[in-house]
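Let's take a walk through this one together.

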Amino acid sequence: MPFVSRSNGAIDGLYEQRQEGLAEEFLRDDNPAVVAAQNAAPEVFSVSARQFRLMLRRSGLLDQVKAWVAKQDGETQDAFEYSGTFVKDSPMMKAGFAAMAFTPQQVEDFFTDASKL
């Protein structure tokens with residue numbers, strides 16, 4: 001039976017021991033919220049350059065993104081060209097996804113799908 005922590009009402013952590021000030025609520029193992037938390041897919045924070053570029057290609061966005069990158073400063077161009085990892089919450093990613101008019105959910109879905117490639 002775990003102790004749970006919550007964020008905005010949703011379980012965001014499961015602990016075997018009580019965590020003072022963090023996880024003090026105790027729930028049964030078969031509690032539906034505990035089962036859902038245990039089975040939830042982990043959030044994806046970054047993907048490899050290969051995964052990112054393949055996802056761009058499969059989404060039909062590669063040429064559009066390359067055109068956007070070509071209009072950016074040299075550091076952004078270098079980051080796109082030479083990064084081994086693309087981090088979802090980096091300033092470059094946020095600016096690029098905003099330029100492509102992605103919603104936050106579309107960004108999440110893009111990274112989740114890319115992580116599976």
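Does Ala 101 count as buried or exposed? Keep in mind that we're looking at a predicted model. At 60% relative accessibility, Ala 101 is over the 50% cut-off, so it counts as exposed. You'll find Ala 101 in the loop between α5 (91-99) and α6. Its backbone is worth a look too: phi of Ala 101 is near 60°, a positive value in a residue that isn't glycine. For context, most residues other than glycine have a negative phi.

Now hop over to Asn 8, in the loop between β1 and β2 (10-15). Asn 8 isn't a glycine either, yet its phi is positive, at about 55°. With a relative accessibility of 84%, Asn 8 counts as exposed.

Step back into strand β1 (residues 3-7) and you reach Ser 5. Ser 5 is buried, with a relative accessible area of 3%. What does the side chain of Ser 5 pair up with? It makes a polar contact of 2.6 Å with the side chain of Asp 12. Leaving aside residues up to four places away in sequence, Ser 5 also touches others, including Ile 11, Tyr 15 and Leu 22.

Finally, let's see how two helices pack. The axes of α2 (residues 49-58) and α6 (residues 104-115) come within 9 Å and cross at roughly 115°, so the two helices are roughly perpendicular to each other. Their crossing is right-handed. On the α2 side, Gln 51, Phe 52, Met 55 and Leu 56 meet Phe 110, Phe 111, Asp 113, Ala 114 and Ser 115 of α6. The residues of this contact split into six nonpolar, two polar and one charged.

Note on methods
Residues numbered from 1 in each chain as written. Predicted model: local features only at pLDDT ≥ 70, side-chain atom pairs only at ≥ 80, totals over all residues. Heavy atoms only, no water. Helix = DSSP H or I, 4+ residues; strand = E, 2+ residues; numbered from the N terminus. Buried < 20%, exposed > 50% of the residue type's maximum accessible area, 1.4 Å probe, protein only. Polar contact = N/O pair within 3.5 Å; in protein donor to acceptor, adjacent residues only side chain to side chain. Contact = heavy atoms within 4.5 Å. Axes fitted to C-alpha atoms, helices over the stretch in contact; angles between N-to-C directions. Parallel < 35°, antiparallel > 145°, perpendicular 65-115°, else oblique. Left-handed = near helix turned anticlockwise from the far one by under 90°. Nonpolar A, V, L, I, M, F, W, Y, C, P; charged D, E, K, R; others polar.
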